[in-house]
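Trainee: Please take me through one part of this model in close detail. I would like to look at the salt bridges.

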Amino acid sequence: QVQLVESGGTLVQAGGSLRLACKVSGLAFTNYNMGWFRQAPGKEREFMAAHSKYGSVTDYADSVKGRFTISTDNTKYMVYLQMDNLKPEDTAVYYCAAKPTWGAVRRTNTWPHWGQGTQVTVSS
């Protein structure tokens, strides 16, 4: 059984920082690309960042480029999203995801495995 469990979401002031974590189990971790998405109320799920197998390639949405950093710890089966200079528009439920191939990583519907999300609220 594949499980992805996010943690670390909380209330934070604009300009602050937060690190989200995702614990992965039930799959061969190093054979999967990892990603982070977010979904605000009334909006579609939005791509933020992806991290390839072996860490050779990363991709970021323009809205978070330079502020957010995705990383993995292969020995602990963990995926992280370091978020700096948070803005009120970053308020959303944040999801981690896993997929076996790299193609079309910005398209939500190409990712077969998802966590249940963690809430991040950024106050102005």
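Mentor: Here is a walk through the salt bridges, pair by pair. This is a predicted model, where local features need pLDDT of at least 70, side-chain atom pairs count only at pLDDT 80 or more, and totals for chains, interfaces and linings use all residues. Residues are numbered from 1 along each chain as its sequence is written, and side-chain values use heavy atoms, with hydrogens and water left out.

Side chains of opposite charge can pair when their charged atoms come close. A salt bridge here is a side-chain nitrogen of Lys or Arg within 4 Å of a carboxyl oxygen of Asp or Glu. By this rule there are five salt bridges.

Start with Asp-90 and Arg-38. Their side chains meet in a salt bridge at 2.8 Å, N to O. Asp-90 lies in the loop between strand 8 (78-83) and strand 9 (92-99), and Arg-38 in strand 4 (residues 33-39), so the pair ties together parts 52 residues apart in sequence. Strands are DSSP runs (E, at least two residues), numbered from the N terminus. Both Asp-90 and Arg-38 are buried. Buried means under 20% relative accessible area, exposed over 50%, and partly exposed in between (1.4 Å probe, protein chains only).

Next come Arg-106 and Asp-59. Their closest N and O atoms are 2.8 Å apart, in a salt bridge. Arg-106 sits in the loop between strand 9 and strand 10 (113-114), Asp-59 in strand 6 (residues 58-60), 47 residues apart. Arg-106 is partly exposed at 43%. Asp-59 is buried at 19%.

Asp-62 forms a salt bridge with Lys-65, at 3.4 Å between the closest N and O atoms. Asp-62 is exposed at 62%, and Lys-65 is partly exposed at 49%. Finally, salt bridges with shared partners join Arg-38, Glu-46, Arg-67 and Asp-90 into one network.

Conventions: Helix = DSSP H or I, 4+ residues; strand = E, 2+ residues; numbered from the N terminus.
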